[in-house]
Amino acid sequence: MKSIDVNSDLGEGFGPYAITDDAALMPLVTSANIATGGHAGDPVTMERTLKLAQANGVSVGGHIGYPDIAGFGRRAFKMSLHELELMVISQLGALGAIAAHCGMTLDHANFHGALGNLSFADKDVARTIIGAIKAYDPALKFIGLPDTEAAHEAERQGLTVIWSFLADRGYTAPGRLATRGTPGAVIHKPAAVRERVAEVLTTGRVTTVSGERMEMPVDSILVHSDTAGALDLAHAIRGGIEDAGQSIAPYAK
């Protein structure tokens with residue numbers, strides 16, 4: 001029986017502000033992408049989220065985004081490749097230092113929002129920011145979407161790739177996410193998410209927003225903590241995994 005990781009973007013607050021109830025969501029996941037101070041996160045939030053993960057036996061990694069707290073990292077920034085490289089290393093360094101202070105180590109890394117979208121399609125950006133992850137720690141796994149430049153680059157550079165499926169997001173071929181704001185881009189109903197998870201795990205395919213059937217390898221299923229009803233969606237994802245006859249456990253690659 002294959003085990004499936006349940007993953008979530010957590011620690012996406014800043015100061016007194018929080019996107020979701022991390023303490024309630026953490027027991028429902030097996031790995032967490034923790035904001036590294038770009039699109040969200042500050043030292044206190046990072047430490048609090050790391051300790052929650054530690055208490056729940058959850059694997060942790062860095063969730064790297066543009067330095068854009070006001071726009072939650074969903075706006076494109078004009079940055080040179082060298083700036084992007086150092087941004088990735090510095091954000092991982094910040095979270096990694098706090099993790100070490102908590103007696104923990106980072107297991108993986110991935111990209112958020114507009115930076116992630118750019119890494120799907122831009123070969124130079126993908127090569128640079130994947131290379132920055134490897135430069136920081138070549139043992140880090142990369143959690144990414146299949147058939148994207150970032151995933152291809154991670155494989156070329158020898159990083160272990162954990163294939164991620166975003167259960168609450170619509171897909172377009174070939175393996176891209178539907179743009180937020182377009183019909184079907186975000187799936188809010190837990191029952192639909194549960195059915196979708198069971199479908200992709202049972203058939204190895206996902207139905208795109210245009211009705212096409214597309215191959216979708218899955219090691220990890222993401223709960224977007226900023227989607228309304230994230231706790232209900234997390235339960236739905238776990239239910240869908242069980243419906244498909246598979247177990248829930250941290251990524252094992």
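What percentage of the 253 residues in the chain do buried residues make up? They make up 53% of the chain, where buried means under 20% relative accessible area, exposed means over 50%, and partly exposed is anything in between, with a 1.4 Å probe and protein chains only. The structure is a predicted model, in which local features need pLDDT of at least 70 and side-chain atom pairs count only at pLDDT 80 or more, while totals for chains, interfaces and linings use all residues. Residues are numbered from 1 along each chain as its sequence is written, and side-chain values use heavy atoms, with hydrogens and water left out.

The chain holds 8 helices and 12 strands, which are DSSP runs numbered from the N terminus (H or I and at least four residues for helices, E and at least two for strands). Because its radius of gyration of 17 Å is close to the 18 Å that the globule rule gives for 253 residues, the chain is as compact as a globular protein of that length; the radius is taken over C-alpha atoms, and the rule is 2.2 Å times the number of residues to the power 0.38. Along the principal axes, the C-alpha atoms fill a box of roughly 40 × 40 × 35 Å. Of the contacts with a separation of 6 or more, 70% are between residues 24 or more positions apart, a contact being heavy atoms within 4.5 Å.

The accessible surface of the chain comes to about 10,400 Å², and carbon and sulfur atoms account for 55% of that area; the areas come from the Shrake-Rupley method with a 1.4 Å probe, and for residues only the protein chains shown count as cover. There are 21 positive and 28 negative side chains, with the centres of the two sets 3 Å apart. In this count Lys and Arg are positive and Asp and Glu negative, while His and the chain ends are not counted, and the place of a charge is taken as NZ of Lys, CZ of Arg, CG of Asp or CD of Glu.

Rings of Phe, Tyr and Trp (its six-membered ring) pair if their centres lie within 6.5 Å, with planes under 30 degrees apart counted as stacked, over 60 as edge-to-face and the rest as tilted. By this rule the count comes to 3 aromatic pairs. One of them joins phenylalanine 111 and phenylalanine 142 in a tilted arrangement, at 5.8 Å centre to centre and with 45° between the planes. Since phenylalanine 111 belongs to strand E4 (residues 108-111) and phenylalanine 142 to strand E5 (residues 141-144), the pair ties together parts that are 31 residues apart in sequence. Both phenylalanine 111 and phenylalanine 142 are buried. The rings of phenylalanine 165 and tyrosine 171 have centres 5.7 Å apart and planes at 10°, so this pair is stacked. Phenylalanine 165 is buried, with a relative accessible area of 0%, and tyrosine 171 also counts as buried, at 1% relative accessibility.

Strand E5 also bears on helix H6. Within H6, the residues Glu149, Ala150, Ala151, Glu153 and Ala154 are buried, and what covers the buried residues of H6 includes helix H4 (113-121), helix H5 (123-136), E5 and strand E6 (161-166). Aspartate 147, in the loop between E5 and helix H6 (149-156), has a positive phi of about 55° although it is not a glycine, and it is partly exposed at a relative accessible area of 41%. Just after H6, glycine 158 takes a positive phi of about 85°.

Leaving aside residues up to four places away in sequence, arginine 74 touches Asp68, His112, Ala114, Arg180 and Asp226. The C-alpha atoms of arginine 74 and histidine 39 are separated by 8.2 Å, although the two residues are 35 residues apart along the chain. Phenylalanine 72 also has its place in the loop between E3 and H3; its phi is near 55°, a positive value in a residue other than glycine, and at 13% relative accessibility it counts as buried.

Threonine 45 lies in helix H2 (residues 43-56) and is buried, with a relative accessible area of 3%. Not counting residues up to four places away in sequence, threonine 45 touches Gly11, Gly13, Phe14 and Gly15.
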